[in-house]
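Let's take a walk through this protein, from the overall outline down to a few individual residues. Have the model open and turn it as you read.

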Amino acid sequence: MSTQSLHIIVLAAGKGTRMRSTKPKVLHPLAGRSMLERVLDEAESLDPASLHVVIGYGAEHIRQHCPRPDVSWVEQGEQRGTGHAVACAVTNIQAQTDDRVLVLYGDVPLLDVDVLSSLLDSARSADLGVLTTRLDDPSGYGRIIRDREQRMIAIREERDASADEKNITEINTGMLVASLDALRTWLPKLQPHNAQGELYLTDIVQMAAEEGKSIATHLAPDPLRVAGVNDRWALAQMERAWQLRQAQALAMSGTTIVDPARIDIRGDVICGMDCQIDINVVFEGQVRMGDNVVIEPNCILRDVTLGNGVRVRAFSHLEGATLGEGVEVGPYARLRPGAELAEHSKIGNFVEVKASRIGAGSKVNHLSYIGDTVMGADCNIGAGTITCNYDGTNKHQTVIGNQVFVGSSSQLVAPVHLGDEVTVGAGSTITQDVPSGHLAVARSRQVMKSGWQRPRKKSKAE
Ligand code: UD1
Ligand code: MG
């Protein structure tokens, strides 16, 4: 076995004209993350000796989007083809000449490391290894040309292919591996003698064949994991195919999914047993659910942890929140980062909770804002209660003890502290701390006048 190490080049210089976008193609997201980030994650998991990304169109934008210390960025001033792009990067590689170079594309969003490992294995003792796949509709892709002995001898681009060649369904994914040594001899010999007048990387296959070099191919079993994106329709279809697979995986692990076509997972979701996800639910970031969690229709959940038996009612928006066992929220609830709801607490409709802890069994059922608050257990916060946490410059804390009852439409002006078993009369504006067990009423007294004459409407003539 040799001690050769692996260098990876990711091609991402093209504008992606067919995307019809000012944004570089590789920055368009699939399932919540840009295509390039996805490819770089897989590339990094191969633990390469060096990782080079060839950029051109929108180079600065791409660098800012992917701040990765291990990536060396290579600028390809003019996009003269995939062969030229690889040549730009190869001059950058400081290495032993028998090291191997793996070429990837930044526009293959569902690339997985397993298929790359298989390619590397298949090509372990070959001079060149090419990753292919089979497509029912191969149009637009380079076709794999083989001789009578089924040895690969060339890749023909669609535009340069004959009618017979166009019938070939085995296509070039674009990804290949070769020794650095061999690349350094082949790349300078590329000629732009083709329909696009570009330096095609794919032409090295014919060179290798003519030199009698060994060429290995690995046929990727799952075309979705190696497919490139050229336009937004392809991206949309790939998104749907991927979402369907994620829904299937969740269902197979014991989650009821009401409609697999109406769930979107843009991150990672882990469900316990017997969870149920209704239609139009979007998951982002890291979502963890215990057992028997129910998510009603039209909810967005980003980076949340839900305990056993949680129910999220329809049209709720949860971000950065932690919900204990048996908690209920919504419909129309908004939980913002730092919302911590202890077991069996309840957040009702049109209630916003931010950076606050709601104690066990406490209820905030209607039309309230609770921010920067620590609330004890078994409180009842009346409709329309607002913690006034912001004085225009700084945020202040509200502390509420256990078994506190706050009457409707009250304002708690922070910083303020309500002790245990405090009662606040409806419509109060509380600006001072209230000791435990006290009633606080802070509103103007009711005035009544007998014999009150209602104003009467003037007649037109008057
Ligand atoms: C390429 C392959 C084709 C393969 C297909 C798979 C060639 C000549 N053809 O065609 O055989 O079936 O991919 O998707 O290689 N890029 C640069 N600099 C350049 C040109 C391209 O960095 O000068 C990058 C692009 O940003 C893209 C990748 O290389 O990430 C592929 O380029 P693209 O123009 O999409 O090639 P295809 O025509 O799709
Ligand atoms: Mg392409």
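Start with the inventory: the protein has 8 helices and 39 strands, where helices (H or I, at least four residues) and strands (E, at least two) are DSSP runs, numbered from the N terminus. Keep in mind that this is a predicted model, in which local features need pLDDT of at least 70 and side-chain atom pairs count only at pLDDT 80 or more, while totals for chains, interfaces and linings use all residues. Residues are numbered from 1 along each chain as its sequence is written, and side-chain values use heavy atoms, with hydrogens and water left out.

Now the outline. The C-alpha trace spans about 110 × 70 × 45 Å along its principal axes. The radius of gyration is 31 Å, whereas a compact globule of 462 residues would have one near 23 Å; the radius is taken over C-alpha atoms, and the globule rule is 2.2 Å times the number of residues to the power 0.38. Of the 462 residues, 47% count as buried, meaning under 20% relative accessible area with a 1.4 Å probe, protein chains only.

For a look at the inside, go to helix H3 (residues 82–90). Because 7 of its 9 residues are buried, H3 is largely enclosed by the rest of the structure. The buried ones are Gly83, His84, Ala85, Val86, Cys88, Ala89 and Val90. Their cover includes strands E1 (6–12), E4 (50–55), E5 (71–75) and E6 (100–105), along with helix H6 (180–186); contact here means heavy atoms within 4.5 Å.

Strands E8 (residues 143–146) and E9 (residues 152–156) run antiparallel and are joined by 4 bridges; two strands pair if DSSP finds at least two bridges between them. Arg146 stands opposite Met152 in E9. The hairpin has 5 residues between its strands, and Gln150 in the turn has a positive phi of about 70 degrees.

Then comes a bigger piece of architecture. Asn349 has His366 in E28 as its bridge partner.

Terms used: Chains are lettered from A and ligands numbered from 1 in the order in which they are written. Buried means under 20% relative accessible area, exposed over 50%, partly exposed in between (1.4 Å probe, protein chains only).
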